[in-house]
Amino acid sequence: MSRTVYQFDVVVVGAGHAGTEAAMAAARLGAKTALLTMNCDTVGQMSCNPAIGGVAKGQIVREIDALGGIMGEVIDETGIQFRMLNRGKGPAMHSPRAQADKKAYQFAVKWRVEQQENLTLKQEMAEGILVEDGKVVGIRVRGNAEYRCRALVITTGTFLQAIMHTGEAKTSGGRAGEGTTGTLSDSLRELGFELERFKTGTPARLNGRTIDFSKVECQPGDSVPQPFSFLTEKIEQPQMDCYLTQTNEKVHDLIRDNLSRAPMYSGQINSTGPRYCPSIEDKVVRFSDKNSHQIFLEPEGRNTTEYYCNGISTSLPRDVQDEMIRNIIGLENAEIMRYGYAVEYDFAPPTQLNATMETQQVTGLYFAGQINGTTGYEEAAGQGLLAGANAALKVAGMEALVLDRNQAYLGVLIDDLITKGVDEPYRMFTSRAEYRLLLRHDNADRRLTPIGIRHGLVCKTRTKRYEQHEDAIRSALSVLQSNRHQGTTLEEWLRRPEIGWPELYEMSSAIAELELPPAAEYQVVIETKYAGYIRRQMADIERQKKVEHVRIPDTFDYHAVAQLRREAQEKLTQIRPDNLGQASRISGITPADIAVLVLCLKDPNRIVI
């Protein structure tokens, strides 16, 4: 029987947050792109929490937006509550977050995918990767068909060899009501990839009609919501409230009494789960001194009464979940619409990747999202954008897009993955970024949009908006430096803690004449007030660059360097860092190892290359 063959430049497998950003990025760069998904009705679906952003994650969304991605625009369009987290802290810690109308978000993503030039959406079940002479040439799908391509991006999320657990019950699938992609794991292993197992989980969803909201604490959104996308002028749709309740000792006792029926404690699940988003079983065991744990009741949309119970992710049996909910204040009569469950899935340790997200084993094959051991929509989307862009750039024979740690949280994310690997599902935090004062959410466009323009990722509208923004900032800074009040420049006045833009407005008519947009005003104030700290971080970056960007040849033979410890030889050979900076961040690599490499790179005669 003859096989049907389709021809594309780039093929993306999986249409979640990583896959949609990957496919959109590749298509924007002019690559003929196919996006394959098991179900066209779940493109861009939020499998777990109906929210975008949060601490450090909000910064990532703004970086995705600055590079032309769609996540920021979609959440601005479909968000039902917006909040700026950590307002009481410094600007480096401010992080936007928004609740989404879950279905509206999904449909908005799908609509953009369907409208994107150069992009074809197809419902297919991927079964095997096609490789010739070490290069990817396509993917085989169910139904005796092949999609031939020059670059392939795998973004399978939690669907690789996935098993769902609710108590003793086990079901094949990566998400409730859906299947799994078992044969793809076999294909990856045959190609020489190492695969391991992680687990994640999700809580019960409740019928809001049966929640007693008079007993729980209301949590409204910000009165003036902050958009995610730099293209969004303002958020105009009405917001919805979230609510807060908590567990109690009766609930904790119930959980302790049933730990033997919890898959994580019965031995049914042996894989590692996310440290920073633990199940309620884990919380009760690990934090036994706590009498309660918060539960955030979050609406899943404007046209549904379904509520997500953020904080009580669980894989306990149904009967235990029923009783647990009945013992929580405000939920005494609540009806569970969907039960919580855990899901185990295969992932490929990310030390098998290069900085471009291309695999070391197979040329033209890229991984993005949870297949790399990460967790979270935002981390997945950021990886997808970079993987899709680099796949298209490789096909076109153009320079790859690689972000440094001092340029973006996305740079920190990728560098952490490929140099350190993961021993638990990776989640981004501001503490992971050593230059977080420079990597604020508010200046993501100033940091990354020029890079997006250079690589062809950014549309003309965004380019024009960015240029206007920069012109406004330059004009304002010039006014601050050239105008004085009582013999002191306005710039010096603004550096004082008690002086803000309104005070400058009163001091000088030149400020009033500027008519500065709020976003530009904020940038001028932050850049001026924190100028000393920013200069210090920039100086640190310049010092680091002297070593950071010393490149290591692809053919460098670490085993030929007798002065390197055996552990260093093995880890450096496995990970193949691009430069000394990456090498220095590999777990187990010491300053002495780097000193040896510096000497060898200065004098190639010391080693065999």
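Visitor: Is Arg462 buried or exposed?

Guide: Keep in mind that this is a predicted model. Arg462 sits in helix α13, and away from its sequence neighbours within four places it is in contact with Asp65, Ala66, Gly68, Gly69, Glu73, Ser229, Phe230, Leu231 and Thr449. Buried means under 20% relative accessible area. Since Arg462 comes in at 4% relative accessibility, it counts as buried.

Visitor: Glu73 shows up in that list. Which residues of α2 does the stretch Met71, Gly72 and Glu73 of α3 meet?

Guide: Helix α2 (residues 57-66) packs against α3 with the axes 7 Å apart. By class, the α2 and α3 contact has three nonpolar, one polar and two charged residues. On the α2 side, the residues that meet Met71, Gly72 and Glu73 are Val61, Ile64 and Asp65.

Visitor: And how is α2 oriented to α3?

Guide: Two packed helices are described by the angle between their axes and the distance between the axes. For α2 and α3 the angle is about 115°. Angles of 65 to 115 degrees count as roughly perpendicular, so α2 is, relative to α3, roughly perpendicular.

Visitor: What about α3 and α4: what orientation do they have to each other?

Guide: The axes of α3 (residues 71-78) and α4 (residues 102-115) come within 9 Å and cross at roughly 135°. The crossing is right-handed. Angles over 145 degrees would count as roughly antiparallel, and 65 to 115 as roughly perpendicular. The α3 and α4 pair is therefore oblique.

Visitor: Which residues of α4 make the contact with α3?

Guide: From α3, the contact takes in Met71, Glu73, Val74, Ile75, Glu77 and Thr78. The residues of the α3 and α4 contact divide into seven nonpolar, one polar and three charged. The α4 side is made up of Ala104, Tyr105, Ala108, Val109 and Arg112.

Visitor: Let's jump to Val12. What is its relative accessible area?

Guide: Val12 is found in strand β2 (residues 10-13). Beyond its neighbours within four places in sequence, its contacts include Gly19, Ala22, Leu35, Leu36, Val153 and Thr155. Val12 is buried, and its relative accessible area is 0%.

Visitor: Last one: how far apart are the end C-alpha atoms of α17?

Guide: In α17, Ala520, Gln523, Val524, Val525, Ile526 and Thr528 are buried, and what covers these includes α12 (444-455), α13 (460-482) and α18 (531-548). Helix α17 has 12 residues (518-529), and at 1.5 Å a residue they should span 16 Å. The expected span uses one less than the number of residues. That agrees with the model, where the end C-alpha atoms of α17 are apart by 16 Å.

Definitions and conventions:
Residues numbered from 1 in each chain as written. Predicted model: local features only at pLDDT ≥ 70, side-chain atom pairs only at ≥ 80, totals over all residues. Heavy atoms only, no water. Helix = DSSP H or I, 4+ residues; strand = E, 2+ residues; numbered from the N terminus. Buried < 20%, exposed > 50% of the residue type's maximum accessible area, 1.4 Å probe, protein only. Contact = heavy atoms within 4.5 Å. Axes fitted to C-alpha atoms, helices over the stretch in contact; angles between N-to-C directions. Parallel < 35°, antiparallel > 145°, perpendicular 65-115°, else oblique. Left-handed = near helix turned anticlockwise from the far one by under 90°. Nonpolar A, V, L, I, M, F, W, Y, C, P; charged D, E, K, R; others polar.
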